[in-house]
Structures are given as C-alpha cells and as structure tokens.
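Thanks for making time for this today. I would like to walk slowly through one structure, and I will begin with a detail before coming to the place where the chains meet.

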Amino acid sequence: MKSFLKIVLALGIGFLVGFLIIELLYGNVTALDFSNLYFWLSILLLLLSVGLIIFVCLTSNILLKKNKQQAKNLNEDDLDRFKYNTFNQLTAASTTALVMSLVALAIQILNAEIMWLIITSGIIFTITVILSIFVGGIINSLYPERNLPNPSDKDYADKLFEASDDGEIHVMAKGLYRSTQLTMTLLFISMVAMILYSIITEDSQVFSIIIIGLIMIINQVKYAKEIKER
Amino acid sequence: MKTRLRELRARDRLNQSELAKLAKVSRQTISLIEREQYIPSLLIAKRMAIIFNEPIENIFIFDEEEL
C-alpha cells in the first residue's frame with residue numbers, strides 16, 4: 001500500500017511539474033475548458049456515492065441481523081472480529097459517500113445550470129447525512145453493555161477514552177497519529193497545488209489557501225497544547 | 001516480548017472473548033497481546049496471572065536485551 005501511495009504521489013507531482021512547464025513554455029493550456037471535466041466528475045462522484053449508499057444499507061442490514069442472531073455459525077471471537085471490522089468499513093463508506101456527494105453538489109451549484117442535477121445532488125447529499133447519523137448510532141446496538149457515547153455528545157472524545165481500555169486506546173492513538181500525519185502532508189500538497197493552479201489559470205484560490213493554512217496551524221497548536229506536560 | 005497466552009487459553013479452553021471478560025478488558029486487547037503488538041499494563045498482566053494460576057514471568061517472556 002505504501003509503495004502504491006508513493007507511486008501515486010510521484011505521478012501527481014510529475015503531472016503538476018510537467019503541466020507548469022508546458023504552461024510556461026506555451027501558455028495555451030489555460031484555454032482548456034474545465035467545466036466539462038467538472039460536470040463529468042460530479043456525475044462520477046454521484047454514482048460512487050449511490051454505490052456506497054447501497055453498500056452501507058446492505059452491509060448494515062447483514063451486520064445487525066448477525067448481531068441479533070449472535071451468528072449461530074460463527075464462534076464468539078469471529079463474531080466480535082466481524083462486528084468490529086464491518087463497523088469500521090461502514091463508517092469509512094458512509095463518510096466517503098457524504099464527502100463525495102457534497103463535492104458533487106458544490107460542483108453542480110457553482111459550475112452547472114442543470115436544475116435536475118442540482119436537486120439530485122441535494123437529495124443524495126441529504127441521504128448520506130442521514131446514513132452517517134444512522135451508522136454512528138449502530139455502535140450501541142453492537143455493544144450495548146459498553147455504554148459508548150453518541151458521536152453527537154458534547155465531550156465525545158473524553159467519554160470514548162473513558163469507555164475504552166488500554167489496548168483500544170493504543171490502537172486508536174496509533175491510527176489517529178498516522179492519519180493526522182497523512183492529513184497534514186496532504187493539506188500541504190493541496191496548498192502547493194492551489195498556488196500552482198492560481199498562477200496557471202489566473203483564477204485566484206487565495207481564500208482556500210488561507211483556510212488550509214489556518215487549519216494546519218490550528219491543528220498543530222491544538223496537538224501541542226494537548227500533549228503539553230503539566 | 002513473547003507471550004504464552006494462546007497456549008494457556010487452549011489449555012484452559014477459553015476463547016478470547018471469555019478471557020477478555022475475566023480480565024475485564026476488550027477482546028481486541030487480548031488479540032493485540034497475543035499478536036505481540038501490545039505490552040499489557042501491570043494490572044492486566046496480574047489479572048492474567050490470577051486467571052491462569054501462573055506467575056507473570058511464565059505468561060510474558062522478555063528477552064535479556066529488552067530488560
């Protein structure tokens with residue numbers, strides 16, 4: 001997986017550098033019409049969102065059924081492993097669908113004038129929001145004895161840590177640290193990409209660049225504050 | 001660190017979930033310990049020792065270099 005991501009990153013950087021060189025040499029690339037690209041991208045994102053919605057509905061149905069039956073054909077350990085892994089997959093799928101549908105909706109509102117597509121995007125986005133809330137609530141059906149907090153709880157993070165044991169916190173900490181490192185790297189790359197995009201297309205992305213910069217700074221300051229020795 | 005947890009569970013006919021309930025931890029923690037991806041706290045190690053009626057050193061085996 002790591003080497004695959006490295007290859008993707010190298011390809012991305014290569015593409016950006018090559019694009020910039022061509023643009024500087026010939027200056028004709030900005031004549032490209034991105035609106036057609038964005039239109040098809042939004043269609044693709046909507047289709048993927050619908051696919052993920054179907055996946056989440058079917059999988060959560062299977063999960064809740066197996067949980068109720070206490071999976072007669074699975075031993076206790078395998079059932080627990082299945083519940084844990086399937087719940088993780090559902091959370092990832094519902095969040096991905098939510099983000100994809102939001103991006104598609106944004107593209108439709110900002111670039112296109114096709115009303116039925118805007119409405120469809122809005123409906124799919126609304127479904128993904130409802131689905132995300134539903135998936136978040138499944139955890140208490142899976143582990144009723146654990147008394148886990150609701151994601152909408154005010155002190156969700158603190159309550160979740162209180163309800164978790166050392167091993168679970170160890171896994172969460174490792175996973176969160178790695179994903180935070182990846183997020184910071186990707187935000188930095190996004191910032192560079194937006195600067196290049198602004199220069200090449202003369203379509204200023206300054207507002208987005210500032211927002212990303214603020215997110216990175218706040219994230220770093222928050223982390224330093226959390227781990228400060230008292 | 002090496003652990004004889006899997007062997008001791010098989011000896012006492014306990015699955016991970018049952019051991020987890022006795023040790024008052026999650027099944028995931030038992031799985032992490034068995035895969036040697038997590039060194040348990042002294043409290044959890046002591047509970048294991050009581051459950052299996054074995055000294056801690058017989059359940060969790062450390063290399064000389066680790067000590």
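Let me begin with Asn53(B), which counts as exposed because its relative accessibility is 70%, and please keep in mind throughout that what we are looking at is a predicted model.

Is Arg13(B) buried or exposed? With a relative accessibility of 76%, it lies above the 50% cut-off, so Arg13(B) counts as exposed.

Now let us turn to the contact between the chains, to which chain A gives twelve residues and chain B gives 16 residues. The area buried between chain A and chain B comes to about 1,200 Å², and carbon and sulfur atoms give 40% of it. On the side of chain A, the residues that lose the most area to chain B are Glu76(A), Asp77(A) and Asp165(A), which together make up 39% of what that side buries.

What about the polar side of this contact? Between chain A and chain B there are two salt bridges, and one of them joins Arg27(B) to Asp80(A), with the closest N and O atoms 2.5 Å apart. Twelve residue pairs are in polar contact across the interface, counting pairs with both residues at pLDDT 80 or more. Helix H3 (76–111) and H6 of chain A each supply at least two residues of the side that touches chain B, and the residues of that side divide into eight charged, two polar and two nonpolar.

I will finish with Glu168(A), which lies in helix H6 (residues 166–201) of chain A. Leaving aside residues up to four places away in sequence, Glu168(A) touches Arg146(A) and Ala163(A), and also Ser26(B), Gln28(B) and Thr29(B). Its side chain makes a polar contact with the side chain of Arg146(A), at 2.8 Å. Why does Glu168(A) count as buried? The reason is that its relative accessibility is 11%, which is under the 20% cut-off.

Technical notes:
Residues are numbered from 1 along each chain as its sequence is written. Chains are lettered from A and ligands numbered from 1 in the order in which they are written. Side-chain values use heavy atoms; hydrogens and water are left out. Helices (H or I, at least four residues) and strands (E, at least two) are DSSP runs, numbered from the N terminus. Buried means under 20% relative accessible area, exposed over 50%, partly exposed in between (1.4 Å probe, protein chains only). A polar contact is a pair of N or O atoms within 3.5 Å; within protein, one must be able to donate a hydrogen and the other to accept it, and residues adjacent in sequence count only if both atoms are side-chain atoms. Contact means heavy atoms within 4.5 Å. Buried area is the accessible area (1.4 Å probe) that two parts lose on being put together, summed over both. A salt bridge is a side-chain nitrogen of Lys or Arg within 4 Å of a carboxyl oxygen of Asp or Glu. Ala, Val, Leu, Ile, Met, Phe, Trp, Tyr, Cys and Pro count as nonpolar, Asp, Glu, Lys and Arg as charged, and the others, Gly among them, as polar.
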